[in-house]
Amino acid sequence: MNLYAKEVLSIVSESCSGKSLLSNVIMGLLPDGVTTSQGKINFNGNNFLSYKCVQSIGSILVWYFKIP
């Protein structure tokens, strides 16, 4: 999948289908000891999975948390 300038990606699916896990992987918010084993998420030539902390990508992505 490719996204271009001014395009937006929304992730919408059934409950318990992995949306939050996918978002956690993208934002680098996995628990200690949990890592990705393969794949990459490129943005402007940089692999998000190589960032070490969420602050590094916080100015690039926005995550809207669901409030129950």
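Ser23 is located in helix H1; helices (H or I, at least four residues) and strands (E, at least two) are DSSP runs, numbered from the N terminus. This serine is buried, because its relative accessible area is 16%, and buried means under 20% relative accessible area, exposed over 50%, and partly exposed in between (1.4 Å probe, protein chains only). The buried residues of H1 are Ser23, Val25, Ile26 and Met27. Ser23 and Ile11 are separated by 12 residues in sequence, and their C-alpha atoms lie 9.0 Å apart in space.

After H1 comes Gly28, which has a positive phi, near 75°.

## Basis and confidence of the model

The structure is a predicted model, in which local features need pLDDT of at least 70 and side-chain atom pairs count only at pLDDT 80 or more, while totals for chains, interfaces and linings use all residues. Residues are numbered from 1 along each chain as its sequence is written, and side-chain values use heavy atoms, with hydrogens and water left out.

The predictor's confidence in each residue is given by pLDDT, on a scale from 0 to 100. For this protein the mean pLDDT is 76, and 74% of the residues reach 70 or more. Among the elements, H1 has the highest mean pLDDT (80), and strand S2 (residues 46-47) has the lowest (75). Where pLDDT is low, the predicted coordinates should not be read in detail.

## Overall organisation

The protein contains one helix and two strands. Along the sequence these elements follow the pattern α-β-β. Of the 68 residues, 9% count as buried.

A contact means heavy atoms within 4.5 Å. Considering the contacts with a separation of 6 or more, 30% are made by residues 24 or more positions apart. The protein exposes about 6,200 Å², of which carbon and sulfur atoms supply 55%; accessible areas come from the Shrake-Rupley method with a 1.4 Å probe, and for residues, only the protein chains shown count as cover.

## A nonpolar patch on the surface

Met1, Leu3, Leu9, Ile11 and Leu22 make up a nonpolar patch on the surface, and together they have about 520 Å² of accessible area. Patches are made of residues with over 30% relative accessible area and no salt bridge, where like charges are joined within 9 Å and nonpolar side chains (Val, Leu, Ile, Met, Phe, Trp, Tyr) within 5 Å. A salt bridge is a side-chain nitrogen of Lys or Arg within 4 Å of a carboxyl oxygen of Asp or Glu.

Leu9 counts as partly exposed, because its relative accessible area is 46%.

## Further residues before the helix

Most residues other than glycine have a negative phi, and most peptide bonds are trans. Lys6, a residue other than glycine, has a positive phi, near 70°. Lys6 lies in the segment before H1 and is exposed, because its relative accessible area is 86%. Cys16 is also a residue other than glycine with a positive phi, near 65°. Cys16 is placed in the segment before H1 and counts as exposed, because its relative accessibility is 80%.

Ser17 is likewise found in the segment before H1. With a relative accessible area of 43%, Ser17 is partly exposed. The Ser17 side chain reaches the backbone oxygen of Glu14 at 2.7 Å.

Key
A polar contact is a pair of N or O atoms within 3.5 Å; within protein, one must be able to donate a hydrogen and the other to accept it, and residues adjacent in sequence count only if both atoms are side-chain atoms.
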